[in-house]
Each structure stands twice: as structure tokens, then as C-alpha cells.
Amino acid sequence: MQAITPKPTVSGHAAVNGIRYYYAIYGTGEPLLLLHGGLGQIEMFGPNLTRLAQRRQVIGVDLQGHGRTELSDREISLVDMGNDMAGVLKQLGYDKVDVLGYSMGAGVAFQFAARHPEMVRRMALASCPFAQDGFYPEMLPQQAAVGSAMAEQMKETPMYTSYAAVAPHPEDFPRLLDRMGAFMRRPYDWSADVGKLAMPVMLIYGDSDMIRLEHAVKFYQLLGGGLRDAGWQRENMSQNRLAIIPNLTHYEMGIAPQLVDTALPFLDGEGSPVSWDKQVSGK
């Protein structure tokens, strides 16, 4: 992935709450905070990083223990990392950004936006559950089994090879797996936080995602969408959106071109289609 992603114009570390977060900034335009999935790093978006940087100033951050950001002694917490993102952005001089998060990064984006809504203009969450029961039941024991005992067998996987290529301490990989396993074993339900998302939000899932589609619809409903007919003048439309992308699983979501095709028009605030009423009346 590093070979097919652009070179950052600026990169470095920002120390926030005891974590030295690595950041990289690409392109020019309206600022977009880009947050990767678990056991990944900024470059896991592959060609999508290039596409986004052609239209936006992309602020990529390697999350705690991932990529070039050290693990530290703190437990892995999406709530803590969400708060940390506010500190990173403030250090870099950003007051307000759009946000695109994928998987674990979407959970961090959710918590950042819920706790610092004044800093988020628009947000797209890809493959994001609002509660642990959003995953298919068979996924939960697999997540619970993640730990250092798996480290050796994972050394031939893309997760490890991309980690080892950039991590400041590649020997920390078993510890990272232990922390990730502990994080995934903790039950959570953020339904009460959904109402704090006052900004426009787009939810994006694959039709073959690891997130149950019933859960995706429930998330959209908690945001105020999908509760009634929109009306022939679109008068009952929610400001939020739900996208189910066909022929897509959880695992390729970050590099799928459909992710940018779906998220970027929303994040750019492009207008709605002309309503049937206006088409007929010619207004």
C-alpha cells in the first residue's frame, strides 16, 4: 500500500494524553480527518488516499499502537482515542473538519464527533456498529480470541507485514494483539450517544459486511432517518444518509473505490436530486 499512496506534504507526531500520534497531511482543500481500521494504518486506504487528496486536504492519523504511533501503557479505548483526535487537530491548527472513518477508525470518529461536535462539519462512518451486538454472532468469539498467542501465525498476513514495515517497535505486535483482544471483549452500547451527532452523518456498509444489516438500519433510525416516507417534495427527509454498497465485504471496504464514490459527494455537501414536484413543475 505504501508504494501506491502519495507522499505527505507534512508529517510528524503530536503528543496528546500520553500518546505520540503520528499524522500525515496530503493534498489541499477542505480538511478531512481520515481514520483507518484495526491493525491497519493510514496507508490501508490505498488508492483511495490518492483520490481523496486530489480534492481535499487529508489529515491521516495512525491510531494508538498502530502504524507509526507507539502502543504506550494505556488500554485501547475508542472513547479515549476519540477525545485524543480533538487534541491532535487542535495542535495542527484545525478548528473544524469533515471526518471519514472505517471500522475501528469509524468508532473513533463516532466518539470524537459525539464529544466534540463543534469540531465536525460532516461525517461518514464506514462499517461502524453503535453497539457490540451489531456484529454477526459468530464474529464475537473470533474477536474474543485475538491475543498474543496468534502473533506467530499472523506474521505472513498483510496486517503484520504492513505493521512491521513502519512500527517504531515491531516487537510490540504481540502486546498490540493482547490489547486489541481485551478491547474487543468489552461489551458496549453507544445508542445514547447517537443523539449527540448533530452534524450530517452518512452510514456506509457493504451488503456482505460483518455488521448485521438490521443493525445498520437501526443506526440510521436512531439518527432520525428511515422512520417515515420522505414526501414527494422531500419535505420529510433526514439530513443523514444510509448507503448499502453491493458486492462488498467488510475487509475490502477501505480500498474499494465505491467508498470514495459514496462518501465524498456527501462530505462535499453536494445538493440533493431534484424532487419529482420540481421536475414536473419545471421550477
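Here are legends for a handful of close-up views of this predicted model.

Residue numbers start from 1 along each chain as its sequence is written, and side-chain values use heavy atoms, with hydrogens and water left out. Since we're working with a predicted model, local features need pLDDT of at least 70 and side-chain atom pairs count only at pLDDT 80 or more, while totals for chains, interfaces and linings use all residues.

View A. Asp 84 sits in helix α2, residues 78-91 (helices are DSSP runs of H or I, at least four residues, and strands are runs of E, at least two, numbered from the N terminus). With 1% relative accessibility, Asp 84 is buried (buried means under 20% relative accessible area, exposed over 50%, partly exposed in between, using a 1.4 Å probe and protein chains only). Skipping neighbours within four places in sequence, Asp 84 is in contact with Val 16, Asn 17, Ile 19, Tyr 21 and Arg 74 (contact means heavy atoms within 4.5 Å).

**View B. The largest nonpolar core.** This core has 64 residues, and Leu 33, Met 85, Phe 112, Met 123, Leu 125 and Phe 219 touch the most other members. A nonpolar core here is a set of buried Ala, Val, Leu, Ile, Met, Phe, Trp, Tyr and Cys residues joined through side-chain atoms within 4.5 Å. Zoom in on Leu 125: leaving out residues up to four places away in sequence, Leu 125 touches Gly 101, Ala 106, Ala 109, Phe 110, Val 201, Met 202, Leu 203, Ile 204 and Phe 219.

**View C. The Asp 98 and Arg 56 salt bridge.** The closest N and O atoms of this pair are 2.9 Å apart (a salt bridge is a side-chain nitrogen of Lys or Arg within 4 Å of a carboxyl oxygen of Asp or Glu). Asp 98 is in strand β5 (residues 97-102) and Arg 56 in the loop between α1 (47-53) and β4 (57-62), putting the partners 42 residues apart. Asp 98 is buried at 1% relative accessibility, and Arg 56 is buried at 1% too. Both belong to a salt-bridge network that links Arg 55, Arg 56, Asp 98, Arg 121, Asp 268 and Glu 270.

**View D. The Arg 175 and Asp 73 salt bridge.** Here the closest N and O atoms are 3.9 Å apart. Arg 175 lies in helix α6 (residues 173-185) and Asp 73 in the loop between β4 and α2, so the pair ties together parts 102 residues apart in sequence. Arg 175 is partly exposed at 34%, whereas Asp 73 is exposed at 73%.
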